[in-house]
Amino acid sequence: MSEERPMLELSGVVRVFEQAGTRLEVLRGASLAVRPGELVGLVGPSGAGKSTLLHIAGLLERPDEGTVRIGGIDASKLDDAKRTEIRRGAIGFVYQFHHLLPEFSAQENIVLPQMIAGLSKREATERARQLLAMVGLEGRASHRPARLSGGEQQRVAIARALANAPGLLIADEPTGNLDPHTAEGVFAMLTKLVRGARVGALIATHNLELAQRMDRVLEMRDGVLVEHA
């Protein structure tokens, strides 16, 4: 794994916010690398800057200093249109709350991002069916989110995140809204999919038990990242 080019590289990332005349340094030179098929946990107390780091890694916001490389491409200096193109094709996102579109079925929720990316409805539908089978929900394809359990909704959200075959998956508390038993199942499925598809995954979590089962754990401490013992 160490010989492969990282799917995500952050180098010397700095992010500063101004609040009521006060300068708040959230990130103070954070650096990391995530390689294909690798699960990297991100831990730290609330307010430590984990979500800011994920937003920068996912090209949702820009750092004040430092570089962000996605699949070897330096995205730091790209314009918004190119960053959106990379984000849409190369990065999948999973959040604590599934954010599924309530008026669409599980299958349609997975079809839509693929069609936005340019696939035909037929191709997108076939891919959606395959992904639903991979997450054990082939029998729920026509169900809208309200008819799915919390764990099932999150499985659909993970399938949707992988719909466009991204090289990088960014997850913010993906099991944080689930009971321990359901969280265990969702995490096991996520791990299997990441390894099988050779996706690099950066996963923020407060669940230290799950974090310790990832390949590496990084802790956000005073605006920088340190290997978690």
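Author: Let's start with a word you'll need: a residue is buried if under 20% of its relative accessible area is left, exposed if over 50%, and partly exposed in between, using a 1.4 Å probe and protein chains only. This is a predicted model, where local features need pLDDT of at least 70 and side-chain atom pairs pLDDT 80 or more, while totals for chains, interfaces and linings use all residues. Numbering runs from 1 along each chain as its sequence is written, and side-chain values use heavy atoms, without hydrogens or water.

Six of its eight residues are buried, so α1 is largely enclosed by the rest of the structure. Those six are Lys50, Thr52, Leu53, Leu54, Ile56 and Ala57. Take Thr52: because its relative accessibility is 13%, it counts as buried. Leaving out residues up to four places away in sequence, Thr52 touches Arg15, Phe17, Val26, Leu27 and Glu61 (touching means heavy atoms within 4.5 Å). After α1 comes Leu59, with a positive phi near 60 degrees.

Setting aside neighbours within four places in sequence, Arg87 is in contact with Gly58, Leu59, Leu60 and Phe93. Arg87 is buried but has no salt bridge, and the nearest side chain of opposite charge, Asp80, is 7.2 Å away. (A salt bridge needs a side-chain nitrogen of Lys or Arg within 4 Å of a carboxyl oxygen of Asp or Glu; Lys and Arg count as positive, Asp and Glu as negative, with His and chain ends left out.)

On to the holes. There are two cavities of 30 Å³ or more (on a 1 Å grid over the protein atoms alone, points where a 1.4 Å probe fits but cannot get out; lining residues have an atom within 4 Å of a point). The largest cavity has a volume of about 50 Å³ (the space filled by probe spheres on points joined across faces, edges and corners). Its lining is Leu54, His55, Leu60, Phe93, Val94, Tyr95, Ile170, Ala171 and Asp172. Two or more of these come from each of α1 (50–57), β6 (91–94) and β7 (168–172), and β7 gives the most, three.

The second largest cavity holds about 30 Å³ of space. Lining it are Pro174, Thr175, Phe187, Ile203, Thr205, Leu210 and Met214.

Terms used:
1 Å grid on protein atoms, 1.4 Å probe; cavity = no way out; pocket = protein on both sides within 12 Å on 5 of 7 lines; lining within 4 Å. Helix = DSSP H or I, 4+ residues; strand = E, 2+ residues; numbered from the N terminus.
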